[in-house]
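Hi,

Here is the structure I promised to pass on. My notes on it follow below.

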Amino acid sequence: MSFLRCLDEKQISSLYNNSYLYNLLERDIISGNVFPAIRKNQLYFYYKGGCLYKFSNGKFTRDKAYEKYNFATTGLSAYEAAKKQNENKFTNSKGDNKERQLLDNLYSYTFGNKIYNTVVLDIEVNLNGTVSCGKKCDLVLFNKKSRVLMFVEGKVFADRRVNVKCGLVPEVIEQVNTYTAAIAEQEQIIIEQYGNHIDIINRLFGTDYSKPISLIKPAKLLVYETPSKPTENNLYSIDYINSAIKANNVAWFKQSEKPSLDEIWEILCK
């Protein structure tokens, strides 16, 4: 089976034994600042657009490449410095939010005592089938009321894969269609494995979600910062994408808009 979401008892016991770092991460998960993602007997902890720590083979590790983003970390603990490095890496020189940080704002819906119908169940999802070829879909949303899963690719409008010159084909279309094909290939496996995923996060992080019962097969597209006054190229790109993957599979939000997950779900669940 290629698509797996599991964490065995040995790994869970080792996670608890690493109590100092685990407690720090758990605190930030409950407060909505860090997002845990279950993999094949591994846990990835994401913060501000990147992987903060990986837990595998009974221990936590961190990608040393983040250390070069070490500015403004003087006097911070090792844990807080690691978080600052992530933040530095995914913020551009003007301090504007990049795509990953815009999506990161949605993760806080999943844990804690917030009351929403829709949560982010998984991020950076490699479907691992014969179709997707290692490409990662940004979000898996889960509607708690309907117990339905939805795969969503997130983009900023200025991304060259979205906004193209007249006559060209936006690359994001192939991306979304590839995810749609990969989902259809493994539909029942995905539903079953996200049931396992929910069992694990319920146990580790105090959620109380029921298992999913179905999956929306077309992958969806979420686009932030769509121009209020679009140019000819902008309109061409919007029309081409709407036509190619169908307008009801795309949610366009303007630069000042910060939609909730329930709003995103309502637009895309058609």
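How do the residues of the lining of the largest cavity divide into nonpolar, polar and charged? There are four nonpolar, two polar and three charged, where Ala, Val, Leu, Ile, Met, Phe, Trp, Tyr, Cys and Pro count as nonpolar, Asp, Glu, Lys and Arg as charged, and the others, Gly among them, as polar.

Before the rest, some ground rules. This is a predicted model, with local features needing pLDDT of at least 70 and side-chain atom pairs pLDDT 80 or more, while totals for chains, interfaces and linings use all residues. Residues are numbered from 1 along each chain as its sequence is written, and side-chain values use heavy atoms, leaving out hydrogens and water.

Back to that lining: Tyr46, Gly49, Gly50, Arg100, Leu103, Tyr107, Ile123, Glu124 and Asp138 make it up (lining residues have an atom within 4 Å of a grid point; a cavity is a set of points on a 1 Å grid where a 1.4 Å probe fits but cannot get out). The volume is about 70 Å³, meaning the space filled by probe spheres set on the points.

Cys137 is buried at 0%, whereas Cys269 is partly exposed at 38%.

Cheers

Technical notes
1 Å grid on protein atoms, 1.4 Å probe; cavity = no way out; pocket = protein on both sides within 12 Å on 5 of 7 lines; lining within 4 Å. Buried < 20%, exposed > 50% of the residue type's maximum accessible area, 1.4 Å probe, protein only.
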